[in-house]
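Let's take a quick walk through some strands and how they pair up. Have the coordinates open as you read.

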Amino acid sequence: MSKLNSNIPEGSLAEKWTKHKSKIPLVSPANKRQIDVIVVGTGLAGSSAAASLAELGYNVKAFCFQDSPRRAHSIAAQGGINAAKNYQNDGDSTFRLFYDTIKGGDYRSREANVHRLAEVSASIIDQCVAQGVPFAREYGGLLDNRSFGGVQVSRTFYAKGQTGQQLLLGAYSALSRQVAKGRVELLSRHEMVELVVVDGKSRGIIARNLVTGELERHSAHAVILCTGGYGNVFYLSTNAMGSNVTAAWKAHRKGAYIANPCFTQIHPTCIPVSGDSQSKLTLMSESLRNDGRIWVPKNAEDALAIREGKMKPTDLSEENRDYYLERRYPAFGNLVPRDVASRAAKERCDAGFGINKTGEAVYLDFSSAIKRFGTEAAHVKGIKTPSEDEIKRLGEKIVESKYGNLFQMYEKITAQNPYKTPMMIYPAVHYTMGGVWVDYNLMTTVPGLFALGEANFSDHGANRLGASALMQGLADGYFVAPYTVGTYLSQDITTGKISTDSPEFDEAESTARNRMEGFLNSKGNTPVEVFHRDLGKIMWSQCGMARNSEGLKKAIADIRILRDKFYSDVKVLGKIDEMNPELDKAGRVADFLELGELMCMDALAREESCGGHFREEFQSKEGEAVRKDDEFAFVAAWEFTENDPGKSKLHKEELTFENVELNTRSYK
Amino acid sequence: MNFTINVWRQNGPKERGGIATYKVSNISDDMSFLEMIDVLNEQLIIQDIEPVVFDHDCREGICGMCSMFINGEAHGPGRGVTTCQLHMREFKDGDTITIEPFRAKAFPIIKDLMVDRGSFDRIIQAGGYVSVNTSGNLPDANATPIEKQDADAAFDAATCIGCGACVATCKNASAMLFTSAKVSQLSLLPQGKIEASERVMNMVKQMDLEGFGNCTNTGACEVECPKGISIENIARMNREYLSASITSK
Amino acid sequence: MDLSAGLIRSSLARKYWMALTGLFLCSFLVVHLLGNLPLLTGNKEMFNSYAHFMTTFPLIKMVSYLLYGSIVLHSIDGLLLARSNKAARETRYVKYNGKANASWSSRNMAILGTLTLVFLIIHMKSFWYEMHFGNIPTYLTNDGAELKDLYSITVAAFQQPWYAVFYVISMMGLGFHLWHGFSSSFQTLGINHPKYTPIIEIIGKSFSVIISLAFASIPIYLLLSSINSID
């Protein structure tokens, strides 16, 4: 029997959330004081949920593996946060935000969840402004908006290129206020290594104190996972080094289904890989595609000459350049959605037109923009016949005012001046739409276990739109979980404190300890990092931007071999009861080695192309994605069975669309 | 490129630490400083030496976790960068590089290069927030216009990543730049002005309790700050604190 | 709210007092220098009258207690701050590149201040103590008033080479102390503005150079003129 009940409330789409909120049972203030909640992770979702639940009166414990909640990787988000405020009077509305998100996700997300997200989006902005988040403003003192890919309105609120940072620091300050009040107990440098399930309900976690190495037992009436995405399964990604799947995976092993794990977002504009020792990839904001033109040489010989350093990109005349996005997608040009832009870059590089040493990079060129801006500026200044140098100088100034910090960042990393020579970019793993399966209330298949933010699968379908991740994290944490977690907890008012002195806690702790001792006792010869890198290579080549049945099957076999090798040959020094970052890393990589297999299985099972999931077998003659709504309009939720990811069982949650029509996305 | 690395090794907060010397070779100039440490650590593991413990996470200069004192400077010789954004091309082949943890009484060493910056969290907990609960019924975000100049100044102060380079670099290990950045951000905005007096009094009190040194206006903090936070913020805090002290009841 | 926390005990309060006393002492330097100028012109009468005025006029006497108080407070507060600053970093850096990000004078305020204090004690012993409690010969002016001849004592003192050299070195120390201290006081008191701070800095630096050179020129002049007169 499938446990998949999405629990979507009755009623029309626009009324579901309001009606639901007005009917849910509440917990009285006196009873809230008797109830404990664990929040794992302190990013946007975690910090906002912990703060909001503590404000309501619950006893909250917040865990993060970093030294401070403020360092969670939400902080790295650049572009902005969407909200259906319609401040620009350009026709935005809750429904339009809902519609754009559903369509952008290639019709693989749940209507009711997405509509709720759009509904609460406006409150997020109000909340953040009240907290002192310094959003960008216009000269009149009102909030400024910018536009993002895949939409026709300006609904993105931003704080320069550091919106994630400002929002996270807002949530962190709200959390800090509750810590000061004693309402939240903050456990930083703690990592969840096991979920504890008692009588079928999630009742606590085992956390490793990363400073002392001690395994600690923490009980609660509900556990909320806000642990982010699993992009690091690819080793190289824009995620932080510590971002991992361990908390979600431990929950998965204890009964939480994982949904659509193969839906990963590859961001088209990242700085390319430069060498084997590279540890992470850096994103260059999507906004660059507003003015930058993407190209590769038209002739393979030129590309080769550039790769070998015999030729410079600026030497190549216009007619010898291939602006392939403008060529293939004349309507949207360089502003096609992320998945489309990424695949097109890969296609050109695979065909031998890549332009850096590794052959995996394309140009993002601002020379046209510089010329255009320069000519305009000269006109404004009344210069009748500006020289080419003058145009360039004026144009560079304008480009600097728009993208200065990004250009600076690029130059810091690559030591190349992007004003003089085109930027080199290549797609990189950025976000995972898949995640822990949750119902409308954000509860997983384990009662009392919730998943918020990127950790869950719920709102972005097969592809996430820019500036929607921040929106979802804060929507879940500030405005959804406080209601829905409360609903669940209303049945726990008489339960009393959960004891940590139970067989279930004993079992969970010893499982964790045995696993760690296993790594330490393996006495192998290979550092953890090497396995992670190898896994990343398999995942990137077979389960990356383009997938096919043969490659995925091979990847599954390769991962199983790598996993066996990992357990027999991993080398971890030190002891269990002390600070041991290598041991922590071993645990995370072990879980990635299981997740990777599941992702490939999911990708193999989904015999269609949609959003970030592109199966080479399912494409049109022109190389565009072919979605199969009649067969695959479902959420693939995987159940862990028989202690083997390869034996995972697929459950399907059918997606019904009552408010939007399923169309083929076209950007031609 | 090849380097000689002098790195501070210390087993725990109470243990004695000292410099250990290692060699790394075949470092490419495109590598970041932390990737060079990764190479060193992989090499140490193979030699059965415990790897050097250091804090790091986002590796793109925004989380504020990395915290190395390199050749006598916080985050090394580069300007406007964190350690993770420092690249090996800033060094010369054959250089000897000395790496130490951020040192301050209020940043006790946990192990090797890793320090405990919980004091920063406690300063924020003392008042680095606007006292507003989560609510779906707050005033509309555009209800209070804010002068662009103030909004921009608040943003500049708010870009602090809490890495602690200011403390590490200050000869007095003072946390004035960090504390004043948050005080400034919130006091510049109408939402934060309401409790500005109480906030500055409480945050300074906590800052003093943590055992940071005093500000002697050397300006070293703003030079080494990876986000270029200005000491104008310190002056603003001095101002706010003075008026709060005089006018408070 | 506890008043003493805000204005006495906090780290910021201690800095306010440093800044206020420091700026007050700066103003005294100006008065002192003006009074000393007759030493350069050889105007004995004017110098001795000034010394008499400064030690006897009631209002000046009251201000002088404020001055002594400022010196004591500035010194003790400075030493306490230096001690707590040292305590804020228990283990020193193996390698610390201070010059990479801060001026030499800003990093050595405590040493420069201590040097100035030592100078001040010797200086006051030589002149202030003698003037107040010592046996300085007196003489009658043309107006018939009795004046202590501090002028001759001063000239004699500065004609001793070691004393003049010590004095000059101390003035250099004071100059560096002021180089940072003057504008730093404004920052401490919360005065920092993109438009005005550069002006304050120029004034502070000019002030430190002018004050230290002017004070130092007196012993140099007196020493040189005595060497010339021997020739």
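## A covered strand

Strand β20 (residues 634-639) of chain A is mostly covered, with six of its six residues buried; buried here means under 20% relative accessible area with a 1.4 Å probe, protein chains only. Strands are DSSP runs of E, at least two residues, numbered from the N terminus. Both faces of β20(A) are covered: A:Phe634, A:Ala636 and A:Trp638 are buried on one side, and A:Val635, A:Ala637 and A:Glu639 on the other.

A note on the ground rules: this is a predicted model, where local features need pLDDT of at least 70 and side-chain atom pairs count only at pLDDT 80 or more, while totals for chains, interfaces and linings use all residues. Residues are numbered from 1 along each chain as its sequence is written, chains are lettered from A and ligands numbered from 1 in the order in which they are written, and side-chain values use heavy atoms, with hydrogens and water left out.

## Who β20 pairs with

Two strands pair if DSSP finds at least two bridges between them. β20(A) runs antiparallel to strand β10 (residues 258-259) of chain A, joined by two bridges, and A:Ile258 sits opposite A:Trp638. With strand β21 (residues 649-654) of chain A, β20(A) pairs in the antiparallel sense over six bridges; there, A:Phe634 has A:Glu654 as its bridge partner.

## A parallel sheet

Chain A also has an open sheet of five strands, ordered β5-β2-β1-β9-β17, with parallel pairing. Its edge strands are β5 (184-187) and β17 (449-451), each pairing on one side only.

Strand β2 (residues 59-63) of chain A pairs with β5(A) in the parallel sense over four bridges, and A:Ala62 has A:Leu186 as its bridge partner in β5(A).

Technical notes: Buried means under 20% relative accessible area, exposed over 50%, partly exposed in between (1.4 Å probe, protein chains only).
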